[in-house]
Amino acid sequence: EMQRNRRVATGFRALAAIPPIFGALFVRSLGTITDYSGLTGIAIAFCFPPLLYIYSEKKLKILDMPFHTSYERMGSSICSAKIMLAFGIVAIIYC
């Protein structure tokens, strides 16, 4: 439902455009701006989701709450989350 809401989609697109615009206020090199924007995108895509998965599962275990859901698939494991996190960290360091 929210994906079809034009106001929400436009708001998130504008939010995604803010970091490069803000970076352009301080740096005039377009290559540098796109490098940092790309690093931010890699962190958002490959570092934050696995961290959320690892720490939320750990917290639910401490609270003795169920942490398995019907949405779990092959990639829903601590091992796959750590692999994705390691990939994200290596990608950020390499870039």
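Two aromatic pairs turn up here, and keep in mind that this is a predicted model. One of them is Phe22 with Phe26, an edge-to-face pair. Below are the rings, then the cysteines, then one glutamate.

**Aromatic pairs**
- The rings of Phe22 and Phe26 sit 5.2 Å apart centre to centre, with 75 degrees between their planes.
- Phe22 is partly exposed at 48% relative accessibility, while Phe26 counts as exposed at 63%.
- Phe46 and Phe87 also pair edge-to-face, at 5.0 Å between centres and 80 degrees between planes.
- That pair ties together distant parts of the chain: Phe46 belongs to helix H2 (residues 30-46) and Phe87 to helix H4 (residues 78-94), 41 residues apart.
- Phe46 is partly exposed, with a relative accessible area of 31%, and Phe87 is partly exposed too, at 48%.

**Cysteines**
- There are zero disulfides in the structure.
- Cys47 is buried, with a relative accessible area of 8%, whereas Cys79 is exposed at 52%.

**Glutamate 57**
- Look for Glu57 in helix H3, which covers residues 48-62.
- Is Glu57 buried or exposed? Glu57 is buried, because its relative accessible area is 9% and the cut-off for buried is under 20%.
- Leaving aside residues up to four places away in sequence, Glu57 touches Phe67 and Ile78.

Note on methods
Residues numbered from 1 in each chain as written. Predicted model: local features only at pLDDT ≥ 70, side-chain atom pairs only at ≥ 80, totals over all residues. Heavy atoms only, no water. Disulfide = S-S within 2.5 Å. Buried < 20%, exposed > 50% of the residue type's maximum accessible area, 1.4 Å probe, protein only. Helix = DSSP H or I, 4+ residues; strand = E, 2+ residues; numbered from the N terminus. Contact = heavy atoms within 4.5 Å. Phe/Tyr/Trp six-rings, centres within 6.5 Å; stacked < 30°, edge-to-face > 60°.
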